[in-house]
Every structure is written in C-alpha cells, then in structure tokens.
Amino acid sequence: MAIVDMRKMHLLGLKKEQDKILSRLQEIGAVEIIDIAGLEEDESKVQESTFHQKMIKELSLLDSKISKLMFGIEFLEPFVKKEINPIIYGKPKVSKKDLDMLLSREEHILSILDTISELDQQLSQLKGEESKIKNRIEQLTPWKDMDIPLQQLGPTEKSVFMPVIISKKGFDDFKIKLEENQLLAVLETVGEDQDDYYCLLIFYKDQMKQIEDISKDFSISVQEFAGLKGTPKQIIEEDNRRISQIEEERQAIRQKAQTFSEQRFNFQILYDYWSLEKDKKSCALKMNTTEKTFLLSAWVPEPDVQKVEQKMLEVTESIYIEFNLPEEDDEVPVVVSNPKLVQPFELITELYSLPDPKGIDPNIFMAPFYFVFFGMMLSDAGYGILISIVAAIALRKFKFAGMGKKLVQLMCICGISTVAWGAIFGGWFGDILGLKPLWINPLDDPMSVLILSFVFGVIQLYFGIMLKAYMNIRDGHVADAVMDQGLWLVFLSGLLMLAFPQTQSIAKYLSIIGAIGLILTQGRAQKNIINKLLSGILSLYDITGYLSDLLSYSRLLALGLATGVIATVINTMVKLLGVNVIGWIFAIIIFIGGHIFNLAVSGLGAYVHSSRLQYIEFFGKFYESGGRPFSPMEIRTRYVDIKD
Amino acid sequence: MELTLGQVYALFGAALAVFLPGIGSAQGVGIVGESAAGVITEDPSKFGQTLILQALPGTQGIYGLLTGFIIMQKIGLLGGNLVSLSPYQGLLLLGASLPIAFVGLLSAVSQGRAAAAGVSIIAKRPEELAKGIMYAAMVETYAVLALLASILMIFGIEL
C-alpha cells in the first residue's frame, strides 16, 4: 500500500561460481545490481585489471553476435509467411532442452547467417547495378530515334558530329544565328521533351571556335556518351534485357533466402539467449573482484529478501549474504505496491513521475478521485458500458504486459464509474432512449452540477493539504504541520463557511483567526521582524492559488456537458434523417460513427483532464516526486519464453 | 412567420461560436500535423502517439459547435418553431457566444503550438508522451472555462 522498503544486499562469492549465481539472480528477477566497481579502487586500476578487460572483450564479442542475429531476423522477415502476434497469443515457449540442442548446433546456424549476409550483399549489388542502368536508359530515351552508333559521334576528319540539348525557347534564335554567321552547320532534331530539343549539330571542323562562341549565348549543353557503343536504341534494348535478367537473378536469390526462412525462429531463440547472457555479463562489470572472489551489492525489495537468500543458498554453500538498511545518502530505487484494484491507477502516477523514496505513494489516495472524475467527465452510461466491455474482452483475449495492461484495466474500471454517472445524469447514448436521470440532468440544472464539482474540488484539495500535514508530522515537523497546513485549513474553512448564512457568524472568526495566524507564522524563516510580518501578509496572497485550483474543478461540469450535448447533436441528426428507408440507413451510419467519434474525443478529454486535476491540483499540494524506477536483473526476452 | 432582429443577432452569435473556434482548431490541428509528419518519416510506428497530440487542439472546434448548437436549440431553430426574440434577447445570446468564440479561436492555435512542441518529445523520448499531452492540456483549460461561461450564460438567459 505504499512504497516498498528496500534492503541493500551484499553478496560475497567465489569467482568460479559467478556465472551460476548471476543466472539464478536473473531468474529470481528481484535484484538490482549496484555499480560498485569504481568505488573502492580507483577507476583506472579497475579498467586495467585483466578480469575487467576480459569481460569487456567478451561483451563486445557478444554484441557483434547479437547484432548479426538481429540482421538475420530482419532480413528474413519478409519471407516468413505469417508472424504470430505476441500480443494476442503470447510469446512461443522454448524448453531448456531445445535450447541446449540449438546451442550445440550453433556453429552451423551461424554459418547460415554468413550465407544470408552474402545473399544480402548480392542483392544490394544488383540494386546498385539496376539503378545505374535505369539512369542510363533515362538519359538515352530522348535520343532513341537517332540511328547513328554512339561511338561514331564526335570529330571525324573534316567535320564534327555533336549531340546537343537546346532549350525550346532559344532554339529558333540559335538557328537564325547560325545562318546569320553563314556557318556550314546542320542542326538535326532527333527528339524532344517538355523543355528541350535533342539535336545533332554537324559542322565543319575549322569553324569549331565560332560555333562554340555562339553556343555560349544560348543555354546549350553538349551530351557526353563516354564509353557507349551501338545506336541508342540498341543500347536501351540491351539494358532492358539486363534489367529483366537482374529481376530473375533477384528472384533466384529470394528463393534461396526463402529456404532459410525456417531458421528465423532459431535466430530469435539465440538472440534472446545471448541478450540474456549479455545482461548477465554487464552485471559482472559492476562488481568488485579479487583473484578468486567477487563482491556484489544490490537492491532487494524487503518482501523478497527471504526468497532471495533461500534461493541463493540452494545454488551454493560457499557464499556469504547480508542484508542492510539503506544509508542516508543512498539513491534507493522505488517500487510501489498496491491492492489489485488500485494497481491500474499506478499508470497515472508513473506517467507523471514516481514518488521520492522518502515521500509517500499517492496511488491509493488518488485512485478514488480519478475514478469519480473520469466518469463524471465522460458521463454517458452507454459509453461506459461500451468501454468496460471492450476493455474486458481485450484483457481476456490478448496478453498485454506492463503499461498497456494497466491502461486497459484502467479503462475497464473507469467505464463502471462512467455508467454510474451516466445513469445519474440521464445520458444513455445521449438522449436517444429518453431515460430519466436518477438525479439531475446537467442540461436542465447546470448550477447544481457546478456546485457538485466544487464540492469534489474542496474535498480533494483538503485531502491534499491534510496529506502534506501527515507527511510533516511523520517526519517530526509537527509545528510546520500546524502552522502551514493547519492554519490554512482554518482560514480556508472560514472563507468557505462565509458562503452559508447559517455558519456566517462562526465563519468570520474562523477566517480572522486563520488569517492572523498565517500572518504571524508564515514569515518565520525571515530574520528581522519587519520581514517576518511582510512575508506573513504576502503569504495570504496564496489564496488566489487555492481559488484558481478550486475553479479548475469546473471542468468536471464542462466536459460532462460537452459529451452530453455532442451526443444530443448526433441524435438530433439521426432523428431528422430517419424518415424513409434510405434515410434510416444513413441515420444508422451517423448514429454509430457519431457516437464512436464522441466516445473517442470525450474519452481522451476525460483521461487528459482527470489526469490534470491529479497532477496540478492534487499532487501540487503534497506530492514529492523524482523516484528512480526499480529495474531488477530479470529474464526479459524479446521473441520467445525460455522455460525449464 | 415574421423574422425578428433578435433572431438575426442570435443566429449571428451561434455562427460566431461555431466558426471562430473552428478556424482556430483547424489551424492548431494543422500545426501539429505538420510536425508530426516529420517524426513519421523517421519512425512510422509513432503514428498513434502523434495522433493523440494532434487531436488535442481539435476540441475547441467541438466546443464551439456545441455552443452554437445550444443557441440554435434555445431559439428553436432545430425544432422548426423559431421563438420570437426581441433585439435585446438576441444581443444577450450574441454576447454569450463571445467567450468560447474568441478564447476558442486563440487557445486552439496556442494549444496547437504546445502540442507541436510535444511532438518532438515523442521523437526523442516516446515514453514521456504524457508530459507532452499535459503541456498542451494546460492551454485547453481556458477553452474549457470559456465554454463553461458561454453555456452558463445561454442557460441563464430567459426567453
């Protein structure tokens, strides 16, 4: 129900049994190794030690093996028919026996990887060649009507055959210019595209210089066909043949790869196995070692201490374990433990930030508010039933893990609250059923619901202030609890009671006592008396903060109204359309689509805004965040479950 | 049936409530979409996350539509029995539409910018999406308050 206590474990063992011990710790999954390698000796000495260097070398070997396996898994992905979705069916199970068999054949499997990487190289070579050829075809296509072999272009004995590209704009001017200068030149157009003419310019060799001078004035570029033989048409045909050949070769390679597709599963098993080994090895780097022994320190949650000790002693006798309380300056990781019903709400806190190890776990206090607020903002019984049922089915059918699981559970629970509020406000898919509200319809009487929202606000804000007071008292700061939280509670209660005629007489005194108390105490950190008074008076200005916090709860009404009114809009459209058969068809489509849309938008709004009320208004009063999540050594695999 | 000036004012109010926040939301959603598209080119699997951020500035348009709808319902435009309104009553409804009209317009654009910045959180640290959503949701508070003010005003006007 709170933050779990942590114990610091020190484990002294023999180096030859290190691997066995680490494997068992990984299986237990409740131990987070602390890096102490650099603590006792100085850093450079650690890095020089042969043990350390050996480990680093092994790690880098493992890394390259793992990345090779990853490559194999990715390369073969398109060749596997249908992948089993792990979210739906869970990861496939692999027994230790199968794994050992696989490891004995590892050489063979790794050699397959080499073949595959060769295939990959061939494929990329083919791809390179293909794109080169495609470029050439593109370049040659405008010239395909020129039936002169390309090697014959260029200068001959007396004349020059020059392939040129002339922009259409300058073409006529260029021709005129050639004639004006009375040059012996022929301009033969062989092709064109949108902007340019592709021409053969034939001229007398001696006039080369003049032709070049004229060309400069126009945007004319000379096409180079270095190293090409035959007419453009022939070359293009040849290239196209080669492209289909490449396609065939590629098919052949693909077929070959296809035959390896069964190996992909083996790769996945090995990938998981070696990744686990790597995790283990990197833990070894965090230890302190001597020639024959090692010392490791780790965090263990208090409830798991016995289990860990017992299981470790099962592994070997020659081991020494002790568990200590954390010291003052230790950076203790945080795990929270809550009743099953509250667990889904941990998601909301996790998304904000975990509690400080010395703070308190807010989940159990926050959960009821979140539950009520979410329902009040979505406030449609129909939607509530829908999300609860969908979430419940999803939980049964699919195997969610981690945050995803918590989110779906949260939806399932909050759906119930939505049904309740929908019934209270009379919203069942808007007003389509015409059911009477159990209490009030916010459309008829928004002021009552607004007051209800503020009542919820006051309750949550008071609760937050009291939690802060509790934390102060727990830490021994009773005076702070009385002066900071107690006096504010008195002052705020006085102000609140002013609103009711029956209590006004007491309220006046309460608020005056509270205010004077605050003025006298809030400046106590200051040294001189004037500053004390000034900060005391200024502290009363915080009342604006409380006011805006309270007003913020009006969103409970506003978002509830929004859901209701949008649902009504959809239903009105449906009723307008439902006059004949075709109208009914459209009406049904609009009804279903419209309500799903409203559920999505209002649901997102309810999630976001009820989170905000917790984060800003509630947590702001007391919560100390900044905890580091506990991340134990564990069997965390990606593709398969390795089982005994 | 004769049209009154009051009805014209009221309808003008409903129109303002719908189209100003609508423009704002369109712009806000657009801004987020632009930066989301950049992230998707790198990693298409983040589509779902970016879509949540993109949906956030869209709510102002919905709030506006909702306010416009309540005004239309109030003056009987939807049922076909238009209430005869005095010019003052029409102006009251027009005034009631102003909070959501203007706050909706401007907050949607600001929220779009905040959400677009949140998209870059997704690009680098997708696990911190909730914080990006929160930044954008802080802006929306003011649209919610304006919506509340508009709705309470409309409900409070007696015809």
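Modeller: A residue is called buried under 20% relative accessible area, exposed over 50%, and partly exposed in between. The model is predicted. By that scale A:Asp63 is partly exposed, with a relative accessible area of 38%. A:Lys278 is partly exposed too, at 28%. Their side chains meet in a salt bridge, 3.2 Å from N to O. A:Asp63 sits in helix 3 (residues 50-75) of chain A and A:Lys278 in helix 10 (residues 263-284) of chain A, so this pair ties together parts 215 residues apart in sequence.

A:Lys8 bridges to A:Asp330, with the closest N and O atoms 3.3 Å apart. A:Lys8 belongs to strand 2 (residues 6-14) of chain A, while A:Asp330 is in the loop between strand 12 (319-324) and strand 13 (333-334) of chain A, so the link joins parts 322 residues apart in sequence. A:Lys8 is buried, at 14% relative accessible area. A:Asp330 also counts as buried, at 17%.

Then a pair within one helix. A:Glu27 and A:Arg24 form a salt bridge, the closest N and O atoms being 3.6 Å apart. Both lie in helix 1 (residues 18-28) of chain A, 3 residues apart, about one turn of the helix. A:Glu27 is partly exposed at 44% relative accessibility. A:Arg24 is partly exposed at 23%.

Last, a network. Salt bridges link A:Glu130, A:Lys134, A:Glu247 and A:Arg250. Over all chains, the structure holds 34 salt bridges.

How values were computed: Residues numbered from 1 in each chain as written. Chains lettered and ligands numbered in written order. Predicted model: local features only at pLDDT ≥ 70, side-chain atom pairs only at ≥ 80, totals over all residues. Heavy atoms only, no water. Salt bridge = Lys/Arg side-chain N within 4 Å of Asp/Glu carboxyl O. Helix = DSSP H or I, 4+ residues; strand = E, 2+ residues; numbered from the N terminus. Buried < 20%, exposed > 50% of the residue type's maximum accessible area, 1.4 Å probe, protein only.
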